[in-house]
Amino acid sequence: MNDMLLRTERLSKRYGQKHALQDVDIHVRKGDIYGLIGRNGAGKTTLMKIINRQVHQSAGQAWLNGAKLSEAASYSLRIGTLVEMPNLYPDADARENLTYKRIALGLPRSDNHADLLELVGLADAGRKKVKQYSLGMKQRLGIAMALLGDPDLLMLDEPINGMDPQGIADIRNMLVRLNREKGTTIIISSHILDELAKFASVYGIINEGRLIREVSRETLEIENQADISIVTDQAQEAAALIFEKTGLPAHIDGDGRTLRITQGIDQHKVISRL
């Protein structure tokens, strides 16, 4: 458990009679890129707000670096967040917004603002006022602000909203770089599994406030492989023939009659050989 950065146990949040979260157990290890997948309203934002101490849970507990969320020791973990839309000063430029956020966080004076803006693709924004930014540019600046203080855990809530395909690719590459070069643990939410599947290492699938499943990238890829199942009374002979003619290994199930082929499938080729 020493590599567990964040875990929750039966974490719940109720508003009146409605559960925004109910009995959620998540496990985020150091160095993970944890993709939180769910439709809008599934509970992703509520979960991030509890971890960021923006709201209090109704029940359950969370641990950060082994310390309870409610204890002072948990504050030793540096967390950077972009939850919902970033809070920006529209009449200030990008560098000024970074300066204001740094002061508000009580961080020491820093000269890395230019590096952060370059990292998120805003190096050429110059002195342009934020009120002139597109939605995608505001998202980029929000990510830069979340990276102030070099956080151990970066939480991003739907950060690719409003971005064009190139912008999405840029953010994806930037997050992978942060994870690999600095070891930053990342929790990123989205309702688009296809996009997170390109770089997340672990997935948490959430629906109507409940965590349906946690699964590693490798397991998900294996489970979603296309395959062919063939039922025959001559399983051994069929497996040998398929391997001889196509080079594809065929696994025989415990019933002794079902063949499964999961690698390099060409269905028509297999059928014609049989």
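Residues are numbered from 1 along each chain as its sequence is written, and side-chain values use heavy atoms, with hydrogens and water left out. Because the model is predicted, local features need pLDDT of at least 70 and side-chain atom pairs count only at pLDDT 80 or more, while totals for chains, interfaces and linings use all residues.

**Pockets and cavity**

Rolling a probe the size of a water molecule over the atoms shows where empty space is left. The search runs on a 1 Å grid over the protein atoms alone: a cavity is a set of points where a 1.4 Å probe fits but cannot get out, and a pocket is an open set with protein on both sides within 12 Å along at least five of seven lines. Lining residues have an atom within 4 Å of a point. Grid points are joined across faces, edges and corners, and a volume is the space filled by probe spheres set on the points.

| Space | Volume | Lining |
|---|---|---|
| Largest pocket | about 690 Å³ | 15 nonpolar, seven polar, six charged |
| Second largest pocket | about 340 Å³ | five nonpolar, nine polar, six charged |
| Largest cavity | about 50 Å³ | eight nonpolar, one polar, two charged |

Ala, Val, Leu, Ile, Met, Phe, Trp, Tyr, Cys and Pro count as nonpolar; Asp, Glu, Lys and Arg count as charged; the others, Gly among them, are polar. Helices (H or I, at least four residues) and strands (E, at least two) are DSSP runs, numbered from the N terminus.

The largest pocket is lined by 28 residues. Asn-52, Ile-79, Thr-81, Lys-101 and Leu-105 lie nearest its centre. Two or more lining residues each come from β7 (79-82), α2 (94-105) and α4 (135-146). β7 gives the most, with four.

The second largest pocket has 20 lining residues. Nearest its centre are Asn-40, Gly-41, Ala-42, Lys-44 and Thr-45. β2 (18-24), α1 (44-51) and α4 each supply at least two residues of that lining.

The structure holds one cavity of 30 Å³ or more. Its lining includes Pro-159, Ile-168, Arg-172, Glu-195 and Phe-199. α5 (165-182), β9 (185-190) and α6 (193-196) each give two or more residues to this lining. The most come from α5, with four.

**A buried glutamate**

Glu-158 is found in the loop between β8 (153-157) and α5. Its relative accessible area is 8%, so Glu-158 is buried (under 20%; exposed is over 50%, partly exposed in between, with a 1.4 Å probe and protein chains only). Contact means heavy atoms within 4.5 Å. Not counting residues up to four places away in sequence, Glu-158 touches Asn-40, Lys-44, Gln-139, Ser-189, Ser-190 and His-191. Met-85 is 73 residues from Glu-158 along the chain, yet their C-alpha atoms are separated by 9.1 Å.

**The nonpolar cores**

In soluble globular proteins, nonpolar side chains tend to be buried together. A nonpolar core is a set of buried Ala, Val, Leu, Ile, Met, Phe, Trp, Tyr and Cys residues joined through side-chain atoms within 4.5 Å. The largest holds 38 residues. Leu-141, Ile-143, Leu-154, Met-174, Leu-175 and Ile-188 touch the most other members. Elements supplying at least two residues of this core include β4 (33-37), α3 (113-119), β8 and β9. α5 provides the largest share, six residues. Leaving aside neighbours within four places in sequence, the contacts of Leu-154 include Gly-80, Ala-146, Leu-175, Leu-178 and Ile-186.
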